[in-house]
There are 2 protein chains.
Amino acid sequence: MTIQTVSTNKSYGGVQGVYRHASQATGTDMVFSVYVPPHADGAKLPVVWYLSGLTCTHANVTEKGEFRKACAELGLIFVAPDTSPRGPDVPGDPNNAYDFGLGAGFYVDATQEPFARNYRMWSYVTDELPKLVAGHFPVDAKRQSIMGHSMGGHGALTVALRNPHRYRAASAFAPIVAPSVVPWGIKALTGYLGPNKDAWRSHDTVALIEDGAKFSSFLVDVGEADNFLKEQLKPELLETACSKAGIPLTLRRQPGYDHSYYFISTFMGDHLHWHAEKLKG
Amino acid sequence: MTIQTVSTNKSYGGVQGVYRHASQATGTDMVFSVYVPPHADGAKLPVVWYLSGLTCTHANVTEKGEFRKACAELGLIFVAPDTSPRGPDVPGDPNNAYDFGLGAGFYVDATQEPFARNYRMWSYVTDELPKLVAGHFPVDAKRQSIMGHSMGGHGALTVALRNPHRYRAASAFAPIVAPSVVPWGIKALTGYLGPNKDAWRSHDTVALIEDGAKFSSFLVDVGEADNFLKEQLKPELLETACSKAGIPLTLRRQPGYDHSYYFISTFMGDHLHWHAEKLKG
């Protein structure tokens with residue numbers, strides 16, 4: 001597996017890089033970013049995975065996420081994948097909507113045509129990319145954690161719940177927690193996985209918890225001025241599910257904050273410190 | 001003088017806003033951003049002006065500058081103007097080059113046609129916009145400072161040298177310090193001010209210092225991996241001029257850093273803390 005360097009920039013004493021590779025999972029070229037903090041020669045560092053939301057590429061959080069200062073201080077590698085396969089031959093939303101297809105892979109392996117060939121973001125972020133990153137960067141694979149925003153919060157929580165021994169921490173900004181019952185999720189899961197809702201449950205945080213999945217604890221921030229809070233995010237469903245299942249959840253409702261990177265960047269430092277505590281040693 | 005709110009987003013407990021107004025100085029609509037940190041009702045806060053570099057609008061530093069955390073902690077308002085007039089009737093570079101015309105106003109009042117009507121960025125950033133901002137935001141006009149990047153570093157240093165009693169601090173990232181003798185500057189000053197180099201000296205940091213202008217002290221960071229360092233920036237000329245004139249200069253040559261916002265954001269916190277110290281009381 002080889003990767004091509006798109007760009008590197010020194011930042012906070014470390015290196016922010018952007019890389020491209022030919023993905024077997026998606027059958028396309030994929031671009032991702034990795035920040036490697038300053039570190040001693042030969043050191044292996046914990047890695048935080050960040051899954052982005054609808055319409056985003058790796059670039060949004062890389063430019064606007066304000067994670068590098070904390071990652072440099074805490075010694076964390078930070079990896080940001082893209083949110084879907086891309087390319088002239090990759091099918092997208094029939095109406096070019098923002099919430100399906102390109103930029104909206106929803107972190108599932110599609111089973112439905114014409115998406116099944118390329119839309120394999122679950123395999124990409126849980127298998128192919130971790131191996132690639134471990135092969136090219138000074139990663140301590142025993143110390144990984146995951147976070148995400150909105151659709152990427154959905155991705156982070158479902159990936160964590162299905163791989164509780166791989167990730168020591170999982171957190172989210174404004175996550176979609178119950179895609180099976182909200183418009184964004186219903187559209188995406190129908191399109192990628194088909195109408196049988198049984199197939200959706202392993203890609204729905206609340207359903208996974210109802211079905212017995214466990215995780216050590218979650219940290220979730222939502223903005224009370226987020227326009228998507230009531231219709232798409234529904235954090236109260238996560239609250240109820242975690243409460244019933246005995247999964248510790250710190251859910252913070254932040255007054256005045258919206259769905260944007262101005263919200264994410266404000267609380268990014270909190271999340272990274274929380275992750276770092278769990279990634280120690 | 002009225003302003004129109006383009007957007008506001010809560011960030012680090014304060015408000016990041018973007019605003020539009022009809023500028024008398026430039027004869028165009030102008031867009032700028034203001035971050036107001038959390039503060040007590042009725043408080044008047046110090047203000048830091050940030051002048052951007054070639055090709056930028058207010059948006060580059062607003063999205064990628066990573067200034068809000070420090071501004072929130074230090075209680076600083078942060079204002080970012082655009083870098084030129086814009087609009088369908090505004091003349092630009094005849095060849096659409098990036099280094100003259102749109103996005104490249106160089107913080108001068110043009111005297112040459114066809115630029116003299118609109119390209120009045122000196123008046124805009126030193127007179128019109130400060131009055132507008134003071135009228136709409138909780139600014140303590142006695143506590144102002146200024147910083148900038150590249151072309152905006154040139155702007156910040158020249159504005160400070162010609163208004164030493166208005167600005168308590170001035171700093172720059174990778175500034176153009178001697179536009180009269182470097183390609184970017186020669187092109188811009190010729191185009192806006194004409195071929196008589198006597199007219200250039202009041203818009204050239206090194207020339208201003210040679211001609212007797214004073215300032216309390218400067219903080220300047222440059223990246224040693226900046227592709228523009230040797231041909232366009234020439235910080236050694238500022239070092240010599242400040243040394244001869246007895247102006248305290250802290251010039252830091254940062255190994256491995258380039259000209260990008262990855263460089264700026266890394267040292268933004270340092271600069272803001274340095275400004276805040278001088279803006280106290």
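By what turn and what shift along the axis can chain B be laid on chain A? The answer is a turn of 180° and a shift of 0.0 Å, with an RMSD of 0.0 Å (least-squares superposition on the C-alpha atoms of residues with pLDDT of at least 70 in both copies). That is the relation of a two-fold axis.

Some ground rules before the tour. This is a predicted model, where local features need pLDDT of at least 70 and side-chain atom pairs count only at pLDDT 80 or more, while totals for chains, interfaces and linings use all residues. Residues are numbered from 1 along each chain as its sequence is written, chains are lettered from A and ligands numbered from 1 in the order in which they are written, and side-chain values use heavy atoms, with hydrogens and water left out.

**Where the two chains meet**

- Lys64(B) is the residue of chain B that comes closest to the rotation axis, with its C-alpha at 2.8 Å.
- The contact (heavy atoms within 4.5 Å) takes 21 residues from chain B and 21 residues from chain A.
- The copies meet through the same surface, because 100% of the interface residues of chain B are also interface residues in chain A.
- About 2000 Å² is buried between chain B and chain A, 45% of it on carbon and sulfur atoms; buried area is the accessible area (1.4 Å probe) that two parts lose on being put together, summed over both.
- Lys10(B), Glu66(B) and Tyr262(B) supply 37% of the area that chain B buries against chain A, more than any other three residues.

- Two salt bridges are counted between chain B and chain A (a side-chain nitrogen of Lys or Arg within 4 Å of a carboxyl oxygen of Asp or Glu).
- Arg68(B) forms a salt bridge with Glu66(A), and their closest N and O atoms are 3.5 Å apart.
- On the chain B side that touches chain A, the elements giving two or more residues are strand S1 (4-11), helix H1 (58-64) and helix H9 (261-279); helices (H or I, at least four residues) and strands (E, at least two) are DSSP runs, numbered from the N terminus.

**Strand S5 of chain B and its partners**

- From strand S5 (residues 77-80) of chain B, Ile77(B) and Val79(B) point one way and Phe78(B) and Ala80(B) the other way, and all are buried (under 20% relative accessible area, with exposed over 50% and partly exposed in between; 1.4 Å probe, protein chains only).
- Strand S3 (residues 29-36) of chain B runs antiparallel to S5(B), joined by three bridges; strands pair if DSSP finds at least two bridges between them.
- Strand S4 (residues 45-51) of chain B is parallel to S5(B), also with three bridges.
- Phe78(B) has Tyr35(B) standing opposite, and Val48(B) stands opposite Phe78(B) too.

- Ile264(A) sits in helix H9 (residues 261-279) of chain A and is buried at a relative accessible area of 0%.
- Leaving aside neighbours within four places in sequence, Ile264(A) is in contact with Tyr50(A), His149(A) and Phe173(A); Ile264(A) and His149(A) are 115 residues apart in sequence but 7.8 Å apart in space, C-alpha to C-alpha.
- His21(A), in strand S2 (residues 14-22) of chain A, is buried with a relative accessible area of 4%.
- Not counting residues up to four places away in sequence, His21(A) touches residues including Thr2(A), Phe32(A), Tyr124(A) and Leu132(A).
- Pro179(A) belongs to the loop between strand S7 (167-173) and helix H5 (183-193) of chain A, and counts as buried at 0% relative accessibility.
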